[in-house]
Structure formats: C-alpha cells, structure tokens
Amino acid sequence: MNNFCCSFLQTDPVNVLYRQNELMKSVNEECPNITTIYSLGRSSKGREIVAMIISGNPTEHEIGEPEIRFTAGLHGNEAVGREMILLLMQYLCKEYKDRNPRAQRLVEGIRIHLVPSLNPDGQEEAFEAGSELSSWTTGHFTNEGFDIFQNFPDLNSILWDAEDKGMVVVNKSMAIISWMKSYPFVLGANFQGGERIVAYPYDSLHEPRVTADESLFRWLAISYASTHLTMTHSHHGSCQGDTPGGGLGIVNRAKWKPVTGSMNDFSYLHTNCLELSIFLGCDKFPHQSELAYEWEKNREAMLIFMEQVHRGIRGIVKDQQGNPIANATVSIEGINHDVTTAPTGDYWRLLNPGEYRVTARAEGFSSLTKLCVVGYESGATACSFNLAKSNWDRIKQVRLSQLEVPRYMCILAVLSKASLFFL
C-alpha cells in the first residue's frame with residue numbers, strides 16, 4: 001500500500017481541500033458498490049465537511065449491522081489522523097476488490113463512516129503555513145476561535161441549557177451533534193496529535209471520574225494502543241517526558257489533562273456511541289516523508305479497533321406481532337448506562353465477556369429481562385426481545401373502546417328521532 005501512501009501531503013498547500021475531495025471521489029469511482037460520499041454541513045467559511053461511508057450496502061442502514069466512525073481534523077493542524085483516514089479509505093477499497101477475507105468481513109459486517117476533516121477552515125490555515133512553519137496552534141481552532149473538540153454541551157446539560165448558561169455552541173459543532181444523533185453509531189474514535197496515547201472518558205472532572213463502562217473503555221483503548229507499533233513503548237515516554245499511561249499507552253482523560261464539554265463525554269452521555277481520542281504522535285504536522293511509517297504503525301490498530309464493534313450483545317426489540325419498537329431502552333444490571341434501539345428496532349451493547357441480566361423496556365409495553373452470555377469468541381451474542389403490551393396499556397385501550405360505544409349509541413338515537421320527525 002505504500003505505492004499510494006501520503007500523496008495527499010506532498011502537494012502544494014493551494015486548494016488542499018479540493019485534492020482531498022478528489023481523492024475521496026476517486027475511491028468512490030473505484031469502488032462504487034461499497035462507498036458513498038455525503039456532507040455533514042458547512043464550516044463558517046462555507047467549506048463542506050465531507051464524509052465517506054464504506055459498507056456492503058453504503059446508502060442505507062441494514063438491520064443488525066453496527067455503525068462505526070473515525071474522524072480527524074478537529075484541529076486543522078493535526079495532519080496525521082486525516083492522512084490515516086484517507087489511506088484507510090483506499091486500503092479498504094483495494095483489499096475488498098482483491099477479495100481479502102478480512103477486508104470483506106469488515107466492509108460487509110460494519111457500516112464505516114470516515115471523516116478526514118471536521119475543521120476544514122483550520123486545515124486550510126495550517127496547510128498554507130506548511131509543516132515547517134506551522135506553529136503548535138496554527139489552524140487548531142475554528143475561524144471563530146473555538147476548539148471544536150471542547151465545544152459540546154457539558155455533561156448533564158442539554159443544548160438549550162448550555163446556551164442559556166452562556167456557552168456558545170458554534171454552527172460546526174451543531175452540525176456534528178446532529179450527525180452524531182442521526183446514525184446508530186456504536187463505536188467511534190477521533191484522531192488527534194501532540195501526544196502518543198489513547199485517552200478514554202470521562203474527559204472532565206466529573207464525579208465519579210470514571211464511567212460505568214470503565215473496564216470496557218480500557219479494553220477498547222488497549223486494543224488500539226497495544227496493536228500500534230510504538231504506542232506502548234514506555235521507554236519513549238510521552239511527548240512531555242513523562243509516561244501518563246503507565247506504559248500501557250492508555251489513560252483516563254480526566255486523570256491526565258481534563259477538559260470540559262468534550263465530544264467524547266457528550267457522545268457517551270447523549271448517544272449510544274462509545275468514543276475515544278487517539279493521539280497519534282508528538283509532531284502534529286510531520287514532513288511528508290514520515291507519513292509512510294505512520295501508516296504502517298497505525299494500519300493494524302485501526303483494523304483491530306473496528307473489529308471491537310462486534311464485542312458484546314446485539315438484537316432487535318419487537319412487539320408480539322413482530323413489529324420493531326424504536327427508542328426502546330436496553331439496560332444491563334449493574335452497569336448504569338443504557339442504550340436505545342434504532343428506528344428499525346435493532347440495538348448493540350458493547351460488553352466485555354461475562355453473564356449479564358439484560359432488560360428491554362418501552363412505553364406501553366411490559367419490560368422483559370433475559371440472561372445473556374458474552375463469550376471470548378469473536379462475534380456479538382444475539383439477545384433479542386418480544387415485548388407484550390402492558391396491562392395498563394390494555395386497560396387504556398379497553399376504556400377507549402368502551403367510550404366509543406355510548407358515542408355510537410347517541411348518534412343512533414339522534415338519527416332515530418330525526419326519522420320520526422319526517423314521518
């Protein structure tokens with residue numbers, strides 16, 4: 001794959017977004033049956049935020065198929081993550097066409113969303129300066145001066161509460177929030193730079209500072225860090241000279257460098273998606289000659305991370321007539337973090353191996369609890385539910401039907417009197 005590696009960064013900084021989008025179009029033309037391109041919206045300067053879906057049926061959600069996202073360019077001067085995503089597009093297209101069994105399993109079993117640049121305005125600014133002259137903050141922020149990663153409604157607030165409290169949620173963040181809620185994402189990672197580590201939520205100084213899914217987040221982080229070629233080499237230390245991950249290459253963000261209003265915290269508390277930050281290296285904007293090695297370091301880690309989306313349980317919540325129930329709640333006993341079903345009634349709950357008491361609930365239905373076992377073998381455990389109408393819902397329907405009878409009788413009586421009048 002080195003024959004196409006890093007062609008994006010070896011060109012002049014003029015019209016860099018045009019070349020990025022042209023590369024995505026070329027992948028789409030090469031693999032039209034498994035790719036589609038769409039837009040999340042536009043930046044404050046009118047630049048389009050472009051995404052690609054790679055899947056066996058890319059244009060629509062398939063029941064039972066989990067969706068995953070990789071994003072980069074939250075900070076426009078962090079070029080490595082963007083390059084890794086562009087290379088991943090090309091890799092999956094080529095390997096799928098070459099009938100690589102692993103690539104075929106990934107493409108046909110997951111709906112993969114890839115967004116190389118969430119901050120195209122910042123990207124343009126950084127590329128105009130170039131890797132030699134770009135500073136630590138050149139292109140880091142939006143045109144309005146905001147850090148997109150930290151511009152999400154805070155932990156226990158909803159959007160309008162955040163605005164009432166004086167928090168400015170920029171249009172770009174609003175577009176990303178809308179996107180995060182529009183798809184049934186299960187797992188996600190955002191690529192950043194300036195450090196060499198995987199950070200998992202919580203990101204803020206929240207109490208408790210660990211999530212209900214702490215052990216699962218640690219596993220997801222380790223799955224990437226341990227497969228990356230250099231991330232767990234503790235003798236390298238961090239970019240600041242210490243070793244925050246204890247040599248494992250992972251860290252809880254709140255215990256390391258806490259931030260408020262992060263994309264990861266918002267994703268965990270307001271969607272079904274578990275999201276982590278992957279810091280790819282000390283140099284945010286390396287020279288083009290170094291990027292081939294960056295691809296080699298990250299390729300297997302990206303593939304392994306995507307495969308973790310099949311870890312845990314999956315299923316469909318239906319009524320007794322077989323109709324899917326949207327927005328049903330699926331709870332795990334002992335883990336205070338629920339997920340909800342997609343409009344098609346399907347759900348996914350990432351879990352480590354073990355036995356779990358799983359409960360499905362929906363308005364108007366009686367809840368149902370099952371014991372579901374997650375094994376160590378690959379593939380999520382099927383755990384579906386057929387919910388019966390609740391007694392209260394049945395009583396309500398009976399009462400409504402009883403109210404309809406007197407109304408019907410009144411109409412008959414009026415008609416009868418009217419007929420007597422005309423005799």
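Author: A charge sits over a ring if NZ of Lys or CZ of Arg is within 6 Å of the ring centre and within 35 degrees of the ring normal. The model is predicted.

Reader: How far from the ring centre of F385 is the charged end of K370?
Author: The cut-off for the distance is within 6 Å of the ring centre. The charged end of K370 sits over the ring of F385, and its distance from the centre is 5.2 Å.

Reader: Which residue lies over the face of F185?
Author: F185 belongs to a cluster in which ring pairs link it with Y38, W179 and Y183. At 4.8 Å from the ring centre of F185, over its face, lies R69.

Reader: Is T271 buried or exposed?
Author: T271 is in the loop between α9 and β8. Its side chain reaches the backbone oxygen of S267 at 2.6 Å, and a polar atom of that side chain lies 3.1 Å from the backbone nitrogen of C273. Buried means under 20% relative accessible area. T271 has 13% relative accessibility, so it counts as buried.

Reader: What is the angle between the planes of Y200 and F217?
Author: A pair of aromatic rings is described by the distance of the centres and the angle of the planes. Y200 lies in strand β6 and F217 in helix α7, so the pair ties together parts 17 residues apart in sequence. Planes under 30 degrees apart count as stacked. The Y200 and F217 pair is stacked, with 6.4 Å centre to centre and an angle between the planes of 10°.

How values were computed
Residues are numbered from 1 along each chain as its sequence is written. This is a predicted model: local features need pLDDT of at least 70, side-chain atom pairs count only at pLDDT 80 or more; totals for chains, interfaces and linings use all residues. Side-chain values use heavy atoms; hydrogens and water are left out. Helices (H or I, at least four residues) and strands (E, at least two) are DSSP runs, numbered from the N terminus. Buried means under 20% relative accessible area, exposed over 50%, partly exposed in between (1.4 Å probe, protein chains only). A polar contact is a pair of N or O atoms within 3.5 Å; within protein, one must be able to donate a hydrogen and the other to accept it, and residues adjacent in sequence count only if both atoms are side-chain atoms. Rings of Phe, Tyr and Trp (its six-membered ring) pair if their centres lie within 6.5 Å; planes under 30 degrees apart count as stacked, over 60 as edge-to-face and the rest as tilted.
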